[in-house]
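Trainee: Could we go through this model together, starting with the annotated positions and then turning to the strands?

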Protein chains: 2
Amino acid sequence: MAKAKFVYSFGNKEAEGSGSMKELLGGKGAGLAEMTMIGLPVPAGFTITTEVCDLYYKNGKKYPAGLVEEVEKHVKKLEKTTGKKLGDPSDPLLVSVRSGAAVSMPGMMETILNLGLTDKSVEGLAKKTGNKRFALDAYRRFIMMYGSTAMGISREKFDHAFDQIKETVTRKRLKLAASVKVGDTDVNEDELGALISNFKALYKKEIKKDFPQDPIEQLWGAIGAVFGSWMADKAITYRKVEKLVGVKGTAVNIVQMVFGNMGSNSGTGVCFTRDPNTGENKFYGDYLVNAQGEDVVAGIRTPIKLSDFEKHDPKAYKQLCAVRKTLETHYKEMQDLEFTVEEGTLYMLQCRTGKRSPAAAFKIAVDMVTEKLISKETAVSRIKTSDIEGIFYPAIDKSQVQQLKSEFIVNGIDAVPGAACGKVYFSAAKAEEMADLNEKVILVRKETSPEDVGGMHAAQGILTATGGKTSHAAVVARGWGKCCIVGCEKLEIDYAKKMFKANGITVKEGEFITLDGSSGNVYKGELKLVAPKLPESYQTIMKWVDEVRTVKVRTNADTPYDATHARKLGAEGIGLCRTEHMFFDSEERILAIREMIIADNSQNRKKALAKLLPFQTKDFEGIFKAMDGYGVTIRLIDPPLHEFVPHDEAGQKALAKAVGKTFEEVRQRVEQLHEANPMLGHRGCRLTITYPEILEMQVTAIITAACKQTKKGVKVYPEIMIPLVVDAVELALLEKQVRKTADAIIAKQAVKVTYLVGTMIETPRAALLADQIAGHADFFSFGTNDLTQMTLGMSRDDAGKFLPDYIDENKAGVFRLDPFQSLDQAGVGLLIKTGIEKGRSAKPSLKIGICGEHGGDSESVKFCCRAGMNYVSASPFRVPVARLAAAQAAIADKASAGPGVKAVKKTVKKAGPKKEKKATSTAAKKTASPKATTKK
Amino acid sequence: MAKAKFVYSFGNKEAEGSGSMKELLGGKGAGLAEMTMIGLPVPAGFTITTEVCDLYYKNGKKYPAGLVEEVEKHVKKLEKTTGKKLGDPSDPLLVSVRSGAAVSMPGMMETILNLGLTDKSVEGLAKKTGNKRFALDAYRRFIMMYGSTAMGISREKFDHAFDQIKETVTRKRLKLAASVKVGDTDVNEDELGALISNFKALYKKEIKKDFPQDPIEQLWGAIGAVFGSWMADKAITYRKVEKLVGVKGTAVNIVQMVFGNMGSNSGTGVCFTRDPNTGENKFYGDYLVNAQGEDVVAGIRTPIKLSDFEKHDPKAYKQLCAVRKTLETHYKEMQDLEFTVEEGTLYMLQCRTGKRSPAAAFKIAVDMVTEKLISKETAVSRIKTSDIEGIFYPAIDKSQVQQLKSEFIVNGIDAVPGAACGKVYFSAAKAEEMADLNEKVILVRKETSPEDVGGMHAAQGILTATGGKTSHAAVVARGWGKCCIVGCEKLEIDYAKKMFKANGITVKEGEFITLDGSSGNVYKGELKLVAPKLPESYQTIMKWVDEVRTVKVRTNADTPYDATHARKLGAEGIGLCRTEHMFFDSEERILAIREMIIADNSQNRKKALAKLLPFQTKDFEGIFKAMDGYGVTIRLIDPPLHEFVPHDEAGQKALAKAVGKTFEEVRQRVEQLHEANPMLGHRGCRLTITYPEILEMQVTAIITAACKQTKKGVKVYPEIMIPLVVDAVELALLEKQVRKTADAIIAKQAVKVTYLVGTMIETPRAALLADQIAGHADFFSFGTNDLTQMTLGMSRDDAGKFLPDYIDENKAGVFRLDPFQSLDQAGVGLLIKTGIEKGRSAKPSLKIGICGEHGGDSESVKFCCRAGMNYVSASPFRVPVARLAAAQAAIADKASAGPGVKAVKKTVKKAGPKKEKKATSTAAKKTASPKATTKK
């Protein structure tokens, strides 16, 4: 094996690296190499690769063999390119040393500037620049940066030494009043000389060694410091918080110094090639006259706008505008730049893809297509999930800096992004009552249950003490796009006293709080929110999205309201309509379902169910109408019956009275319904096996509604879905019952209604035996919530106790992402692929979709597209995210598959329940070996 | 397609069918054909196939086309063979019509004899036999049997008509006193003639038609009656109770009549070729002189023993002995025979494999090998699981007929067979206390928990109101072979009043009850039990079993006591040692584990664990000693922590006091431990991920014990097993921790101990990703209890509510057997095969076993053998069953694979933990398409 190359040089319009080598050279190194190659004015230098950092840590903090030689060779080369020598007492080469990983990491080491200055070379710099004060100032800056940043001496100690000189010498010399601050620039050459002596003495005292007078020794000290910073606590924490995994290490960039602090025709700046807030094609940035980068960070002086920079130094500004144009043309992407002007000459120090607001992301993408810089596919590919989320959800106005600090109470799990603000109430009933009085309400609960749905809907936002991102509260709230924070474990809720405490702060019923669903932060009081406004460019992008994707996007919706809303967000049908939520919609309904549960024989159950029939029929009519022309997949009853009955004595007594039973009978029945593991209990189609009359009522409601709406001219495509199937015999039995009931109604109503009967694939057994099961199903819908729970043996309600450790790469690090949020592709994904393959082997025409929470997760949607599904189904607010992900999957597959795959079409597809096509076979095949979600 | 043949004739030493056609001809028809062919004296006749019955029901109770013609053709043939004609007024052919399915079904239709008698042919019979009374008696019997059995007239009405003649005519004629009973034989010819008239009148009144005088009409009436009886309620119930599925239907046998009631040189009998109770090679049976089969059933006269038959009719007896010899030589199996002697000539009417007691099964099998009738393999193959169970478990003495009837209380689920009798106690503590006073105790609980284990162990038997065959009570009791009845839902237990009620019967604390674990019946009082005594032949068979099998049998044992016991039953190591049961062994231990759970930091947890360390070390030493020379697989902690803490206020207060915490702290911690679905919660290796100190303590205990025992000369082979693994990364982390801890101890103790580290495969994900997981495991052990729960999405604790419907073939009929008892081969089995295949693909040397409850189920063990496992592990009492099943699988595979497979060896294998070999590849391959457990 050839020895790896550890160092890449750039300078003089030549570079060993390039912009595509971000992984190896870090973002900064790659940018410098690329800018050099395309002829931009970049000071010469070289980059030590991220691989060296990786080897350094793998090898017990030792550099790989050959590194020292390679670096010193590149130093020589740099000296040749620049015509200067490190430590040269007449004209020394000075360099900056900066870290730079593949992804931007603010937690990393800061820059060391002016490296190469020694007691001797500082004289050379003074001579060469004719500016002794500048040279001395550069030297004292270097000692301070090197001493603190590289060697770990407290910055305060240097500041203290500087202050001492200022106070005891400069103030006296200038005779300044006590009230006047002594500025850095007030210090003169002599005083700087004295300060340098003091700094060196401080260095020796702290480090027990003289400040190094050999520039090579300085260089290795700085390099070591950069690598050391990779494993500093703050860097590790940053990577953990940002979920950055698999980043190898940091590179080290050694670049010839240029000086922005050489007078008024010098300066330094930071800019974006377009406005990162609005996306407008407008040059945007700050410039600081006569300053080094360090001064910008220190915030000592206020920078000027680019328009003022143009006025101040039109020549330099013109150079910068040329660079802007070159870079945008080259990268075809908005860039974030750092530059320095040294005596009228522009030098580029950094370029990278600029961060932007969600609105700007859409605007820039669309504009660049208009400008013919990029294709529509590229535009679509650049939009991130968070961009879509960002433009939909209201946000806390971040200009309230003070309030964000002072009003912070506690942090929970960011279940649904956005922000909400309202008065705290601790019961769903009270929340609903207050909302009816036009109060803005936040519902605060230990946990929520289906009975709380009314109050949850009435609330602006929901806060719970327990549960994860897929807890009841989170799932329901997500469906509505309603801000929700869950698992806020520090929250001590006292229902009796109607208050909660957290971090020593008490909030009582009726007091305002503000939730930031994007961060999980909870604040006291009523913070100002910024409302979402959909930019026009959003509509343009989504049009392109729909043109390019091959997989349909449906929605999970249980009410006509949700259905209508989801249609507006682009849903092409309903992939999951949960019938049981309808039972909680009114007192009358919940009483009827409870009566059914308490009934002791089939006849009484039928009587109770008959009461529900008109309600369900009406609900389905509304949903069919809202989904006119689109398929509606309706799942028969799924949750265990104990979820519908009251568990408290008062509730049971009331129920007993209402249904004409004794309290004891009701209590016993409820007790009898108790289950050790309800997830794996008497639920799903097991209920309809035991109580066929429930199936009969539900199918009657569905088909009756379908007939009625068909008669009114609505195009109705009902798809009846049987949950929790484990076997073909079971499904065959239920399919027969469904068809018998449905066909009888259709015959009686004398109207043509075509319906499908299909099944959820949500037990591992169903996926394993999908070939047998397919024989009795028109369609499969993967219920990945339950499938994940069973395949992993993890209850999502209980996983909060251990799953965080499983995701944390510094603990177990088993999963890269929460498998309840983002599909476990290696495990559950394998079952899905098996299920699809086996299902289609038995029935090639089988329609296949997904209706778990994963249908709204970008990575999971892409997996589903590649696995060959016909559609994904997401909660209404996630529909745009799913559409985008499906489009991005199609684009990526097209790119890797070459011609023959559907390109962006100019025509808008006709709406209607046409057969969802399979993803192209090329795409489907690709998934044979997808990247595992699990880290190995 | 050629038309199926519906009728098979036999007679005159020729038969169209044979003994191998039981499925098609039924047991009786096949036996008659075979006996005819081998030259035994069988009356001629023909058999209508079971297929006709099947078609009859599939075709809306219509006979298949061509049947009538075929039957009538065979009637002609029979007339030709016998030289008699149906209905012939001078010498009529008479036949019997009998049902006969492939398996014996006592619930089916009885026999109709003497068919063919009419008003005319009865005269011919009288003339031919010269015995008018005999002929008339035969006719009245026929009318009665045909009228009642075929036409459904109440038998009592015929009896009543008969009694009337007897009382009004015969009694008067004979002038019998009122106290003397009139016998059937007292009735004379005239009276029989009158009786026949009365019977015919009764028939006409009931059926509205004359009694048929056409023998062919009679024949079709009888055939229809036989087919009709197949779907009679009692037959359906019988099949359900006996779990007979897939039996097509019944055959109909039409056989020429022979008469045992033609005088003292005639008679009828039933016999076994060997003693069915003891297995002795001794002719065994009953003979009734001058009688028809019907009389035996009616129990009118007492039969004589065969020895008396020999004395009574040595010539006929000699014929019978010859038949006995011929049949045993032919079938090489003990036979159950029915025969009739007609005027000194023997006729065989039935032969089938004879039912026998468990002890007889062993004795007969061994004797037949000694007699060179069968091979050892055949002997082994003939032993049934129930034979082994039967000789181990005590049983209720069935001679207590009256008590079994009068003392019956209630029926529950037969969880562990055997019988037990003792005084009722309702708490484990009280049960233990009374057992210490030498009382025999039955523990009666709503359900049991790990805290009850002491009381369960002390009890003779266990009775619970809830739970299924794999509930805590059942699993624990099975491990001890202790009689246990669970899920006795009618049991209303009142802990407060210390009593239970069921079916209106009240039993108080201290009163005796008797449990029949084999039937699930509970009786009042102290019934007499019969103790088990292992016959010598058992030992012989088990020696052969061990010689022939290729798969090892280990045991699930948690204590030195269990381990020793299992060794005696033939266990070759421990496949599952559950460490957590040890925690409940004393107050001190449970307090330490609770202290560990309540601890709020790692240090305090370690302090509490340190208290447990010496206990666990001692336990492991005992187990290693008991398993000297064999592998011991020890599973690290598995159950969720809430199983160890008290859930009642009193218990929590006591705990708080003991560990120096406040009650509130303890209460909160317990509440915090609560889980929605504990099965899928914070348990298994997830606990050791969160609390590595538990792993450290347990590994320290295991390896320290191993070192100590090794020093004492014991051969120790510890295998440390990590439960509930889902991913290779997770296992790698824990494997590393185990090895680090273990190696440090071994190094310190300076003794050579070789240990293995492996994993349970009990989540679907682990099976799916077994190739990756195998990289970090020396062995796999399939935990099929949990694997079944997760694959099917069924909690075994909750399945009682719906699983019965899933198993009932008249309801959902999804599973043939309870998947928690007998492995779901289609679903879970597929995952197991995937796991084995993938595991061995990555590591061919991987040792693989099973340690779920299925390891003690015969069918499941056979599946595991064929899937290529190295061993199965069963609870101690199931070890012999598992050994037998493994041997039978090897024999069956050898039979189908031909030479090259290991034959029975003469040498006894050396004990020791030699590497368990894989089942031969031929056998392993065979499992590629095993029969599905699931019915399709």
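The questions below cover the annotated positions in chain A and then strands and a sheet in chain B of this predicted model.

Trainee: Which residues does UniProt give as "active site"?

Mentor: The annotation comes from an unreviewed UniProt entry. In that record the feature "active site" is placed at A:His472 and A:Cys851.

Trainee: Is A:His472 buried, partly exposed or exposed?

Mentor: A:His472 lies in helix 19 of chain A, which covers residues 472-480. Buried means under 20% relative accessible area, and exposed means over 50%. A:His472 has 21% relative accessibility, so A:His472 counts as partly exposed.

Trainee: And is A:Cys851 buried or exposed?

Mentor: A:Cys851 sits in the loop between strand 33 (847-850) and helix 34 (858-867) of chain A. Among the residues A:Cys851 touches are A:Asn556, A:Met721, A:Phe782 and A:Ser873, with residues up to four places away in sequence not counted. Because the relative accessibility of A:Cys851 is 4%, this residue counts as buried.

Trainee: Why is strand 9 of chain B largely enclosed by the rest of the structure?

Mentor: Strand 9 of chain B spans residues 267-272. The strand is largely enclosed because, of its six residues, the number buried is five.

Trainee: Which strands pair with strand 9 of chain B?

Mentor: Six bridges link strand 9 to strand 10 (residues 284-289) of chain B in an antiparallel arrangement, with B:Val270 opposite B:Asp286. Strand 9 also pairs antiparallel over six bridges with strand 12 (residues 335-342) of chain B, where B:Phe272 faces B:Asp336.

Trainee: Which are the edge strands of the eight-stranded open sheet in chain B?

Mentor: The strand order is 15-25-24-17-18-19-20-16, and the pairing is mixed. An edge strand here pairs on one side only, and this holds for strand 15 (408-411) and strand 16 (413-416) of chain B.

Trainee: By what angle are neighbouring strands of this sheet turned against each other on average?

Mentor: The average ignores direction. For neighbouring strands of this sheet the value is 30°.

Trainee: Which helix packs on this sheet, touching strand 17 and strand 18 of chain B?

Mentor: Strand 17 (residues 419-425) and strand 18 (residues 441-445) of chain B pair in parallel over three bridges, and B:Lys423 stands opposite B:Val441. The helix that touches both strands covers residues 428-436, and its direction makes about 175° with that of strand 18. This is helix 17 of chain B.

Key. Residues numbered from 1 in each chain as written. Chains lettered and ligands numbered in written order. Predicted model: local features only at pLDDT ≥ 70, side-chain atom pairs only at ≥ 80, totals over all residues. Heavy atoms only, no water. UniProt positions renumbered as here; feature names shortened; annotations may be inferred. Helix = DSSP H or I, 4+ residues; strand = E, 2+ residues; numbered from the N terminus. Buried < 20%, exposed > 50% of the residue type's maximum accessible area, 1.4 Å probe, protein only. Contact = heavy atoms within 4.5 Å. Pairing = 2+ DSSP bridges. Axes fitted to C-alpha atoms, helices over the stretch in contact; angles between N-to-C directions.
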